[in-house]
Each structure stands twice: as structure tokens, then as C-alpha cells.
Amino acid sequence: MVRKIAILLLLLAVGYVVWVVALNLPGSHERAPREAAAPSAGGGRQPSMATGSLRPRGPLGVQGPLVIPVAGVRADQLSDTFDDARGEGRVHDAIDILAPRGTPVIAAAAGTVEKLFDSRLGGRTIYVRRTGGQWIDYYAHLDSYVPGLAEGNRVAQGQVIGTVGSTGDASPEAPHLHYAINAMAPGEGWWQGEAVNPYPLLKRR
Ligand SMILES: [Zn+2]
């Protein structure tokens, strides 16, 4: 009896060791989660579990290409600052487009002004929800809004909506537009969404 129990325990121990070794082989437990996590549009930023699969992946809600949202700036003058570190563990999640203070800011895509907001980091900002509702264009550090701009206004692609400035945490010596594109899951508000890189979308014109 004691001998049978000892053999049983030995078999259990051997089984456990085999199991642990198998789990640690490369390609078993490591590969599965990586394959399950498909790369997101943000290049490694993972969508939240609850809403990730509901975010738009395809059409941007615009007919044709986006307009570069600062007047007079050409595609070859843009630089990709999407992944730049911004302190406190944050990444940039936007593109900065340098231009003299007062340069017109124009709508990259048509939509509806959802929010005009003053924030510590962004300064004077505009959130425009594109036609169809699945994308929000975010414009920050504005010096001013175009006179009369109000929440609920429809804006056409290419329409002037404000001017470049340095409000918020932007340097007064380097006025620029901070421009972000957010993919919105159904029901998400202007303060939510998942950033996608505007750079390749603005270059592809
Ligand atoms: Zn920025």
C-alpha cells in the first residue's frame, strides 16, 4: 500500500515536471497571446477589451484624402511625432504642425463641432466629429477660434476653424497645431476614443 502511494506520488511529480517544461517551451504559451492580440491602428497601442472590436478600422468618414489642417503646409513639411514621449508616461498620440502664430487652422475633414474646450495641456481646443460619427478630429493649442464658432456647427472640409497658437503647454517660441485623430466606439464621448496616427494619412494625398 505504501509502495503504491509512493509510485503514484512519483508519477504525479514526473507529470508535473513534464507539464512545466512543456509550458516553458518557446512557442507554446508565449505565442498564443501575441497572435490573439492583433496589431492596432496605433502601432502597438492595444484597444480596450470592452470597446476595441467596435472601433472603426476602415473608412475614415471622408470622401477622398484628408486636408492638411494648417494653411500653406505641404505634405513634405510634416514630420511624424506620433510616438514621441511626453513625460508622465504619456506618448504624444498626435502630430505637431509648426506654423507662425495666427496661421489659419482648417478642418481636415467635414463634421460637426462637438466640443470647444479649454484644457491645461491642450489650451484652446476643438473636437470635430466627422460625418458618420466614428472619428473625431482634435485641434489643440489654438490662438483663437474663428469668430462665431459654436458647438453644434457643421464644418466643411477645408473650412477655417481657428488659428495656430501656443495655448496650453505649447512653447510660446514654437507655435504649432497639435492635431489628433481618434477612432470612436459607439456611445463614446469627445474625451474618449483611441488615437490613430495622422501622419501616414496626411502624407497619403
Ligand atoms: Zn502635440
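**Burial, pairing and confidence in a predicted chain**

Author: In this predicted model, Ala109 lies in the loop between β2 (104-106) and β3 (111-119).

Reader: Why is Ala109 called buried?

Author: A residue counts as buried if 20 or more other C-beta atoms lie within 10 Å of its own. Ala109 has 26 other C-beta atoms within 10 Å, and is therefore buried.

Reader: What makes Gly61 and Gln157 contacts of Ala109?

Author: The criterion is that the two C-beta atoms, placed from the backbone, lie within 7 Å. Leaving aside neighbours within four places in sequence, Ala109 is in contact with Gly61, Val62, Leu66, Arg130, Asp137 and Gln157. Ala109 and Val155 are 46 residues apart in sequence, and their C-alpha atoms are 8.3 Å apart in space.

Reader: How many helices and strands does the chain have, and in which pattern do they follow one another?

Author: The chain has 3 helices and 9 strands. Along the sequence the pattern reads α-α-β-β-β-β-β-β-β-β-β-α. Of the contacts with a separation of 6 or more, 65% join residues 24 or more positions apart.

Reader: How do you know that β1 and β8 pair?

Author: Pairing requires at least two bridges between the strands. β1 and strand β8 (residues 176-183) have 4 bridges, in the antiparallel sense, and are therefore paired. Within this pair, Ile95 stands opposite Tyr179 in β8.

Reader: Which residues touch the most other members of the largest nonpolar core?

Author: In this core of 36 residues, they are Val105, Ala107, Tyr139, Leu177 and Tyr179. Two or more residues each come from β1, β2, β4 (123-130), β5 (135-145), β7 (160-164) and β8. The largest share, 6 residues, is given by β5. In soluble globular proteins, nonpolar side chains tend to be buried together.

Reader: What is the phi of His141, and why is His141 called buried?

Author: His141, found in strand β5, has a positive phi of about 65° although it is not a glycine. Most residues other than glycine have a negative phi. His141 has 27 other C-beta atoms within 10 Å, and is therefore buried.

Reader: Where is Asp93 found, and what makes Asp93 buried?

Author: Asp93 is in the loop between α2 (31-36) and β1. Its phi is near 60°, a positive value in a residue other than glycine. Because 22 other C-beta atoms lie within 10 Å, Asp93 is buried.

Reader: What is the mean pLDDT of the chain, and where does pLDDT stay under 50?

Author: The mean is 81, and 72% of the residues reach 70 or more. Over residues 17-49 pLDDT stays under 50, and the model has 20 contacts beyond four places in sequence for these residues.

Key
Residues are numbered from 1 along each chain as its sequence is written. This is a predicted model: local features need pLDDT of at least 70, side-chain atom pairs count only at pLDDT 80 or more; totals for chains, interfaces and linings use all residues. A residue is buried if 20 or more other C-beta atoms lie within 10 Å of its own, exposed if 12 or fewer, and partly exposed in between; C-beta atoms are placed from the backbone. A nonpolar core is a set of buried Ala, Val, Leu, Ile, Met, Phe, Trp, Tyr and Cys residues joined through C-beta atoms within 7 Å. pLDDT is the predictor's confidence in each residue, from 0 to 100.
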